[in-house]
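Please keep the sequence and the model in view while reading.

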Amino acid sequence: MQRQDDTKAPKQPQYGISLNREAILAMLQDFHLLTGIRVACMLPDATEGVHVPEALCDFCEQLRGDAVMDLRCMQCDRHAFADAERTREPVLYHCHAGICEAVAPLFEGDRLLGYLMMGQTLEHAPTEHDWRITASLLGLSGDANAALHDAFFRIPSWSKERIAAAFRLLAHQAELILAADWVKARFMPWVDRLEAYIHSHLQEELGTRAIARAFGISASRLGHLVKEQTGRTVTAHVRAIRLEASVRLLRTTSLPVHEIAIQTGWQDPRYFSRVFQQAHGMSPSRYRMDRQPVAENPPRL
C-alpha cells in the first residue's frame, strides 16, 4: 500500500462525464461490422461504457474465470490506460497473453474523459506454435486446457497491415467522438466530486487532512460539509464508500477476498472482514455465496 505524498495535493476530479450512448453505439457497431474486432468506449475508471459486442470473446471469458488471470487482465488494462494518458496518443500493444489490443484516450483540454478500446486480434492465422507461446506467457502447459486452446483459435486474426488500418480508424473515431461532443464534461455537485475523488483514490490513505488538502479547504470545513450533506463523519463516509466498492467487487468479480480488501483500501484484510461482518452481519465470503453463487466478471476487451 503506497502512502500519498504529503508534499503534493492529489489530483481531484472537478467534473462529471456524460455519454451520447446512442450515437457512440451506432459508430462502434459500424467499426465492428467493418473489422470484426470488439470495440468499446469506456469512462476513465472503466466501470461503465458502451461495448460492441457486449460479450467477451470466448478466450477472454474463459481466461477471466480464473482469479489470478482476471487480476492480470485488469493490471494489463491499467498499464495501457496509463500509457495512453501519459502520451495522450493512441497505443497499440500486446496484452499479457501476447494478443493485440489498442486504446485511444479521449481528452478535452486537460480533462481525461475516457478511452476508446479495441481488441483482441491475432496478427496472423494462429498455429500450434503460437498457442504454445501464449500458453507459456500465461504460465500454462500447451495442453493444459483444451477449451482455452480451442478458444484461442477462434480469436479473430488479421494481417499486421489490416490491424494497423483498424488502429488508425480507432484513432479517427476517437477524434470524431470529441468533435461531436458525444463524450463531454459536465458540472458535478461538490458531494459527487468528493465521492468520485474517494473512489479514484481508494487504495491511498484517505484521512481528513489529505482529502481537505485535495479540495483546498480546511479539515474542519471538510468535516462540516460532509456531516451536513451525508450525515456522516469523513472517516465514516470513506469507510462506507470502501464497503460499497467491496460489495460491488464481491458481486461482480471472482477476485479473492484479500485482493478485494487491498483494492478497496483496507490495509489489513482481517480488519476488512471484521468491519464487513459488522456492516452486513456476515463475512465477505458468506456474502458472496449468498448474493452471487457464481461470480461474474465485468466486461473487458
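## Aromatic pairs

Rings of Phe, Tyr and Trp (its six-membered ring) are called a pair if their centres lie within 6.5 Å, and planes under 30 degrees apart count as stacked, over 60 as edge-to-face and the rest as tilted. A search of the whole structure with this rule finds 8 aromatic pairs. In tryptophan 131 and phenylalanine 152 the ring centres are 5.5 Å apart and the planes stand at 50°, so this pair is tilted. The pair joins distant parts of the chain, 21 residues apart, with tryptophan 131 in helix H4 (residues 128–137) and phenylalanine 152 in helix H5 (residues 146–152); helices are DSSP runs (H or I, at least four residues), numbered from the N terminus.

The model is predicted: local features need pLDDT of at least 70 and side-chain atom pairs count only at pLDDT 80 or more, while totals for chains, interfaces and linings use all residues. Residues are numbered from 1 along each chain as its sequence is written, and side-chain values use heavy atoms, with hydrogens and water left out.

## Burial around phenylalanine 152

Phenylalanine 152 also pairs with phenylalanine 153, and because their planes are at 85°, with centres 5.5 Å apart, this pair is edge-to-face. Phenylalanine 152 has 2% relative accessibility and so counts as buried, whereas phenylalanine 153, at 29%, is partly exposed (buried means under 20% relative accessible area, exposed over 50%, partly exposed in between, with a 1.4 Å probe and protein chains only).

## A ring cluster

Elsewhere, ring pairs link Trp266, Tyr271, Phe272, Phe276 and Tyr287 into a cluster.

Notes. Helix = DSSP H or I, 4+ residues; strand = E, 2+ residues; numbered from the N terminus.
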